Amino acid sequence: MLILIDDADLTKIEGFFAKYPYDGVTTNPTILSKTGNPDPMDQLKKIRAIMPEGTDLHAQVISTETDDMVREAEHMVEVLGKEHMYIKVPVTANGLKAISILSKKGINVTATAIYGVMPAFMAAKAGAKFLAPYVNRLDVLGYDGVGLAIDIHTAVKAAGYEAEVLGASFKNSQQVLDMAKAGIGSVTIGSDALEKLAYNGIAEEAVKVFINDFEGCCGEGKTMLDFN
Ligand code: G3P
């Protein structure tokens, strides 16, 4: 399962990549706005510059008319490159048309803002590479976010489409684990939930006890390196 960082903050992104080989970075207009940088392309270039080679960057168009979305997406790949670059297009009626046009032009598309199986299925048929259902936002609305993501995965795989579910909008590790157990191809996780995913407090506590016991017997600050 690919695990991506859903954030645009350079310090946080650098910190996450320093700790673990994540598979890429996703942004949306809200996430970019939180950086305070009024030049989103500058921010995306800076993000790309600190991302390890071969990892994927996803960034979203703002326009709402099909032709404008296509122009915007083409501009984005011109500036940011086509390789390992995914243009996020919300699955509105105009967005679906844009997904089809962009996919035919060989531009990688991530269909986003997915709140149902049918929009995801239609986006997959139109050629999207990733389908991003908003798991926690669905849970908040009283729907089953993980269940919907699994239904999308099942339908798309049954139809033989290339698209992978890119689960988005997570608030806890359980939601991510449920996706993993269902064989979902990828998830993107915001900083708060990602911190918790990579932190195993019980193991940290166990290590403290091991060290305390070892030092009590073998001497303070000692490790195996001190013995032959
Ligand atoms: O990528 C979409 C995702 O960022 C939405 O997450 O936390 O705003 O529900 P959230």
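Val176 touches Met1, Phe170, Val187, Ile189 and Leu197, leaving aside residues up to four places away in sequence; a contact here means heavy atoms within 4.5 Å. Val176 is part of helix α9, residues 173–181. Helices (H or I, at least four residues) and strands (E, at least two) are DSSP runs, numbered from the N terminus. With a relative accessible area of 5%, Val176 is buried. Buried stands for under 20% relative accessible area, exposed for over 50%, and partly exposed for values in between, with a 1.4 Å probe and protein chains only. Glu162 is 14 residues from Val176 along the chain, and the C-alpha atoms of the two are separated by 22 Å.

The model is predicted: local features need pLDDT of at least 70, side-chain atom pairs count only at pLDDT 80 or more, and totals for chains, interfaces and linings use all residues. Residues are numbered from 1 along each chain as its sequence is written, and side-chain values use heavy atoms, with hydrogens and water left out.

The protein chain has 11 helices and 8 strands. The 8 strands close into a barrel in the order β1-β2-β3-β4-β5-β6-β7-β8, with parallel pairing. The twist from one strand to the next averages 25°. Two strands count as paired if DSSP finds at least two bridges between them. Strand β2 (residues 24–26) and strand β3 (residues 56–60) run parallel and are joined by 3 bridges. In this pairing, Thr26 stands opposite His58 in β3.

Helix α4 (residues 66–80) lies across β3 and β4 (85–90), and runs at about 160° to β4. Such angles run from 0 to 180 degrees between N-to-C directions, and the axes are lines fitted to C-alpha atoms, for helices over the stretch in contact.

On the surface, Tyr115, Leu141 and Tyr143 form a nonpolar patch with about 360 Å² of accessible area together. Patches consist of residues with over 30% relative accessible area and no salt bridge, where like charges are joined within 9 Å and nonpolar side chains (Val, Leu, Ile, Met, Phe, Trp, Tyr) within 5 Å. A salt bridge is a side-chain nitrogen of Lys or Arg within 4 Å of a carboxyl oxygen of Asp or Glu. Leu141 sits in the loop between α7 (135–140) and α8 (145–159), and counts as exposed because its relative accessibility is 55%.

For the chain as a whole, buried residues make up 43% of the 228 residues. The C-alpha atoms fill a box of roughly 70 × 35 × 30 Å, taken along the principal axes.

Key:
Accessible areas come from the Shrake-Rupley method with a 1.4 Å probe; for residues, only the protein chains shown count as cover.
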